[in-house]
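Colleague: Please take me through this entry feature by feature, giving me the general idea first and then the case at hand.

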Amino acid sequence: MKESTISRKERILQTAMQLFADKGYLDTSTKEIAASAGVSEALIFKHFGNKDALLSHIVKSGYRKVLMHHKGMMTYKNAKDFLRHMVILPSELVADDPLFWKLQERLSHHAFSKTQHELFIKPVQPIVLKAFKELGYAQPELETQFLLLIIDMLWKKEACGDIANAHELAMLIEEKYQLR
């Protein structure tokens, strides 16, 4: 009995993430999630309380998973290696879990999701700044802001399927910053 409860809960999470990513959070009802997952709507409420809590669980779980799979992403050996890693990391993240990142892009204006993403990215900014300072850039603050904006735009475009040449763009950024 416990095993089927876990699998039904997981099925709810996967179905909700798929529907939220494809249709949007506001355009997806718990009734639709239940029907697609093959469970009762009451089971969704039993496990998660409401649709907002279901979304919260999906988003928090997604970021926890990212942090578990990429524990060393903030490792700083030297400036060029760190910046190179920051340039390619978004493509790696999207490749590892395209549905989660598609959902994140779709929710980029949703307050809760936006806050979770900001918490995820917040530790990166000072380390990127440190790297640009070490490399002797004249305006390291602007370079940091510029690079982080580019990275943010790249993962969003890649998550939506709007660009197919993310690797080439990452290589171009590496070349422009002489990270090779």
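Colleague: To start with a single side chain, what is the relative accessible area of D152, and is the residue buried or partly exposed?

Modeller: A residue is called buried under 20% relative accessible area, exposed over 50%, and partly exposed in between, with a 1.4 Å probe and protein chains only. D152 has a relative accessible area of 23%, so D152 is partly exposed. Keep in mind that this is a predicted model, in which local features need pLDDT of at least 70 and side-chain atom pairs count only at pLDDT 80 or more, while totals for chains, interfaces and linings use all residues. Residues are numbered from 1 along each chain as its sequence is written, and side-chain values use heavy atoms, with hydrogens and water left out.

Colleague: Which residue forms a salt bridge with D152, and how are the two placed along the helix?

Modeller: A salt bridge here is a side-chain nitrogen of Lys or Arg within 4 Å of a carboxyl oxygen of Asp or Glu, and helices (H or I, at least four residues) and strands (E, at least two) are DSSP runs numbered from the N terminus. The partner of D152 is K156, with 3.0 Å between the closest N and O atoms. Because they are 4 residues apart in helix α9 (residues 140-160), K156 and D152 are separated by about one helical turn. K156, at a relative accessible area of 23%, is likewise partly exposed.

Colleague: How many salt bridges does the structure hold, and which parts of the chain does the one between K65 and D97 link?

Modeller: The structure holds 7 salt bridges. In one of them the side chains of K65 and D97 meet at 3.2 Å, N to O. This pair links distant parts of the chain, since K65 belongs to helix α4 (residues 51-69) and D97 to the loop between α5 (79-96) and α6 (98-106), 32 residues apart. D97 is buried at 13% relative accessible area, whereas K65 is partly exposed at 40%. Another salt bridge joins K23 and E32, whose closest N and O atoms are 2.7 Å apart; K23 has a relative accessible area of 31% and is partly exposed, and E32, at 25%, counts as partly exposed too.

Colleague: What surrounds S113, leaving aside its neighbours within four places in sequence?

Modeller: Contact means heavy atoms within 4.5 Å, and a polar contact is a pair of N or O atoms within 3.5 Å, where within protein one must be able to donate a hydrogen and the other to accept it, and residues adjacent in sequence count only if both atoms are side-chain atoms. S113 lies in helix α7 (residues 111-121) and is buried, with a relative accessible area of 1%. Once those neighbours are set aside, S113 is in contact with V59, Q104 and L107, and its side chain makes a polar contact of 3.0 Å with that of Q104.

Colleague: Which residues of helix α3 are buried, and how are they arranged around its axis?

Modeller: The arc used for this question is that of the directions from the helix axis to the C-beta atoms. In α3 (residues 41-48) the buried residues are L43, I44 and F48. Seen down the axis of α3, they fall within an arc of 105 degrees, so they line one face of the helix. The face turned away from that buried side carries the exposed residues A42 and K46. UniProt, in an unreviewed entry, places the feature "DNA-binding region" at residues 29-48, and such annotations may be inferred rather than shown by experiment. The span of residues 29-48 is 80% helix and 0% strand, its end C-alpha atoms lying 14 Å apart.

Colleague: How many helices and strands does the protein have?

Modeller: The protein has 10 helices and 0 strands, and 41% of its 180 residues count as buried. Its C-alpha trace spans about 60 × 30 × 25 Å along the principal axes.
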